[in-house]
Each structure stands twice: as structure tokens, then as C-alpha cells.
Amino acid sequence: MSEETSQAAAMLPEVAQLIVAALNLDLDPSEIEPDAPLFREGLGLDSIDVLEIALVISRRYGFQLRSDDEDNVRIFSSLRTLAAHIASQRSG
Amino acid sequence: MSHVPLLAHASLDEIFAYQPSGPVTVRSFLAAAATLAERLPAGRRFLNLCRDRYRFTVGLAAGLLDGRSSLLPTSQLPATLRQIQRQCPTIFCLCDSPFDGPFDSLDLPRFDFPDLPIVDPEEIDGIPDIPSELVAITVYTSGSTGLPVAHDKSWGSLVRNARAEASRLGLLAGPRHSIVGTVPAQHMFGFESTVLLAMHGNSPFWSGKPFYPQDVADALQAVPPPRMLVTTPFHLGIVLAAEVELPTVNRLLSATAPLSSQLAAAAESRLAAPVDEIYGCTETGQVASRRLLVDPAWLPLDGVCLQREAHAIVASGGHIEVPVALADEIELLPDGRFMLLGRNADVINVAGKRSSLAYLDHQLTAIPGVVDGAFFQPDEASPESITRLCAFAVAPQLSERQLLAQLRQRVDAVFLPRPLWLVDSLPRNRIGKLPRAQMQVLYAAHAAHETHQAMRP
């Protein structure tokens, strides 16, 4: 496992907790499966949620998301991809 | 037949819009529209799904040159697109992105915005006239019967609306403002306050639609001052909260839901710029404006008049072609201004998207296996925090997950219930109605139960 991947894996519970808190979701953070889609049939998030999560990320980790950052759709495709993006931005 | 020019610009060499590659002149825009007009497939109406504001406007203009209408769906839900296809069988989609978001253009014929090697801009010798009666766009609202309702807008009335707005905001005289909009061109407010203001309001727009706060800052930075930001209360709240460094913004325009005085005050103090709001709806176009920190009452646009008729407040005059009964609760003031008191209980507004409880209930109960069902809107905490809908369904053979999958095909994501509760029956009264008080009791019981569950060790 590369260092970046292991950092991202270590962040999964923290980012799950962040999503649940940012969106007031009625579920336990551990119920968010790392590879399940965050949109549509997974957690069912939409663009409003993405902005709410982005705001919490900017406050907690000190960086702003941009639409031209890599592939924006990919960043929010699952808990694992989001944690990986945060890990790379805060360490980079 | 009377005519109105496609654009109000005095010179072909004025700047019409800004793209990442640089400014676009009126001449180049007209050349692109003329080229596209020659290439569009047959059919009098098309769905203009272009995400880029400039390409959307080239598509609109190409249609107008050829007597065609752009259809602006508020959502690209499969159920909505199929309904539109039933109403206009020769429909095609003008698209500019291989990825159309969570919903694609289905099996509708699709025409991809071409790379335009273009009619030579030097051949353009003037701004064309468009018949004022031509239906320029058709916009949709969610009807109470569960079918989208089409509203046709003539080119003449759209231009009158844009000029009334630009005149109210003081954009016609003085320096040209560069517009950055976070709202899509397909949304009525975005259409009027970015696309039409560039065409008839002396204000070139930025071609993109910035999303994250940093995107908004970057887009503003990419256009010359003076700048006007066109956005919604929700997006404005997020941009201010993110505390990104913003270049000078000279005006701010907000619509889709009223601003709170706290947010208006925070925005004016942070940006050192006036914050104006527009009130309107799809049926009327823009009705009135206000600057909340100066006066909480709304002043109708020039020529527009509100009157009480029977049980409704009706807007007419100016650019409004047919008098329209407004869906909000309104108090008329003696001098013609008015106060917005609240929404009609059936009207739903989530983050600026509108629907009605009747429409959403219809979509829920139309799902095979649903015996009964109803949406419920809990009381709002504040205008900037988004209060989601919840729903109750009686569907003994279906799981919550199956129901949500079905609803996702029929209802815009912002209206999806959070949560959806399966129940044995709904508290209908003797005449089959669901009184809000009874729904409130049902909601409180389920919400309390969830809290209790969540608190268990």
C-alpha cells in the first residue's frame, strides 16, 4: 500500500463523520460504505450537499475545492475517493 | 408584424461575452449563430441543454434567426424529457458536453454543438431583427396534475423584461458591468439575468457557471470590473462562509428565494456593494425588485402592476403578456409597492428550485405498488439553511430503497425525501384530505423515534 493510499484509508472514519455532521444525516458514520456511490442510489447526495461538504472541508483542512481540480465527479464518487483527495491536498 | 433586434449593441465590435480564451465581440457571436443556424437539424423546437452560457446563447440566437424555439427544461429527469417528447415528437437536444450530469438526454435525438469554423465575422454587416411574436423559449413548471406545464415566451416580451430589469438596476447608462452567474442559463432567473442582460442590458457575461466558492472568485477575477455577481441566497451564503478572497464586486443580484436581512447585511458589508433582489416566477418573468437594506418592500418593474382580484393577487402590465395569479401571499401597499408575506402552503422551494406538494404527491402515488403517499415540508430553520422534504408512503410490497429508486426517475434530486418513511396508513380525514396539523403529528412521532434510535448506546 502506498503512503498516500494508507493515509486516505486512515482518514475514512474522519471523513465519514464529517459528511454525517455537515449534512445532519440520520445515520452512523460507520454505515457509509467506503466504495459505495455518494450520489444517487448510494447516499443520494446532490449538488447542494457537495457545497455544504466543500465548506466544511475548507474549514477543517484549509484548502478550497475547484471545479478544474482533476475530475470533480471522481472526487465525490465515493467516501474513499473523497478521503484520498483530502489526503493529497492537505499533505501536498 | 413588428420586429425587435436580436441584440441592443450599438457597434459590432463591442464585447458580447467573456470566455476562458478571451473576449468575444458581437460580430463573432453573430457569425457563430449564423453558422449554427445553417447546421441545426430540422424541427421547429429543440431542447437547449448547453451547459456553457456562451454556447447556450449561440444556440438560442441560431434558433431565433431561423424562427425556432429553445425549450428550457428545469430538470433533465427521464420522466420530464419523455413528457416533452410526447408533446413535440420532432424534438432534438442541443448538447455541448459528453456528460450530461446525472441524467442524460435519453434516447432523444442529439445534436452536439459543433466546432464552428464559422461564417467569416467580417461578413457580418448588422444586427438582425427578430419578429416580436416569435416564441423564443418555452419554460416548464411542475403542474398540479403531475405533468410539466409549458409556458411560451415571445421574443418581444423577453426583451421588454430584460430592458425593464436593466433600467431598474441602472445598467443601461454608465460603464458596462461584467456578469458572473452561478445560476444555469436554463433557469428563468439565470436566463433573464445573465443571457438576456448580455443581449439587451449592456452587460457581457462570463461563459462559465462557477460552482465552488473558489470557482466564483476565479471567474470574477477573469472578467474586467465593474462586475455583477448573479446568484441565489444559498450559493451566496456558502461563498461568504468560505471566506475566499474575492476581487472587487460592484453589484450583487439574488433571486429564487428572499434573502434574510442578516445575509443581505453580511454581503453588503463584505463586498461593499449594493445587493439587489428580483422577485418573479416562471409564469410572469420578473415582477419586482428591492434592495432589502434600504427598503423591505418590493417595487414592481416599470409598467407592471399588482392587483387584488377575488382571492388572488394578479400581476399584469409591462412585459407580462397574460395576467397571472401569484402563488405567494402578498400585502399590497397604497403606493404600488408590496410586501412578500410567505409562500402558499402548496408551493415548495428547496434551494431555489420550485415545485408543489400536489405535483410531488402525484409522482409518489403514481409509482406501481404505492397505495397512498404524501410529502411533508418541515418548518424552515432559516432561509439559508436548506430544509429537506420528507415523505410517507403506504407500500406493503416495496422497500424504501426500491421506492427511492423509482422516485429518482421522476423527481428532481433536491426534492427527494430525507427520510422516506414506510407507514401502514396516512392520517386522512373524512373527505380524504391530509391536514397539515395531522401530518405534523405524524412527522414529530417519526422524527422523535429516529432521534431515540440514534441515541441508543
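Analyst: Helix 9 of chain B, residues 357-365, lies across strand 25 and strand 26 of chain B. The helix runs at about 145° to strand 25 of chain B; such axes are lines fitted to C-alpha atoms, for helices over the stretch in contact, and the angles run from 0 to 180 degrees between N-to-C directions. Helices (H or I, at least four residues) and strands (E, at least two) are DSSP runs, numbered from the N terminus. Contact means that the C-beta atoms of two residues, placed from the backbone, lie within 7 Å.

The model is predicted: local features need pLDDT of at least 70, side-chain atom pairs count only at pLDDT 80 or more, and totals for chains, interfaces and linings use all residues. Residues are numbered from 1 along each chain as its sequence is written, while chains are lettered from A and ligands numbered from 1 in the order in which they are written.

The two strands under discussion belong to an open sheet of 3 strands in chain B, with the order 25-26-27 and mixed pairing. Two strands pair if DSSP finds at least two bridges between them. At the edges are strand 25 (372-376) and strand 27 (420-422) of chain B, each pairing on one side only. On average, neighbouring strands of this sheet are turned by 15° against each other, direction ignored. Strand 25 of chain B pairs with strand 26 of chain B (residues 390-394) in the antiparallel sense, over 5 bridges. Opposite Phe376(B) stands Cys390(B), in strand 26 of chain B. In a regular strand the side chains alternate between the two faces of the sheet.

Another antiparallel pair is found in chain B: strand 2 (residues 15-19) is joined to strand 3 (residues 22-25) by 4 bridges. A hairpin connects strand 2 to strand 3 of chain B through 2 residues. Tyr18(B) has Pro23(B), in strand 3 of chain B, as its bridge partner.

Elsewhere in chain B, helix 5 (residues 188-200) spans only 16 Å between its end C-alpha atoms, whereas a straight helix of 13 residues would span 18 Å at 1.5 Å a residue. The expected span is 1.5 Å times one less than the number of residues. Because 13 of the 13 residues of helix 5 of chain B are buried, this helix is largely enclosed by the rest of the structure. A residue is buried if 20 or more other C-beta atoms lie within 10 Å of its own, exposed if 12 or fewer, and partly exposed in between, with C-beta atoms placed from the backbone. Just after helix 5 of chain B, Asn202(B) takes a positive phi of about 65°.

His151(B) sits in strand 10 of chain B, residues 148-154. With 19 other C-beta atoms within 10 Å, His151(B) is partly exposed. Its contacts, leaving aside neighbours within four places in sequence, are Thr138(B), Val139(B), Thr141(B), Thr282(B) and Glu283(B).

Chain B also touches chain A, through 22 residues from chain B and 15 residues from chain A. On the side of chain B, helix 7 supplies the largest share, 4 residues. Chain A has 4 helices and 0 strands.

As for confidence, the mean pLDDT of chain B is 89; pLDDT is the predictor's confidence in each residue, from 0 to 100. The model scores ipTM 0.89 and pTM 0.87.
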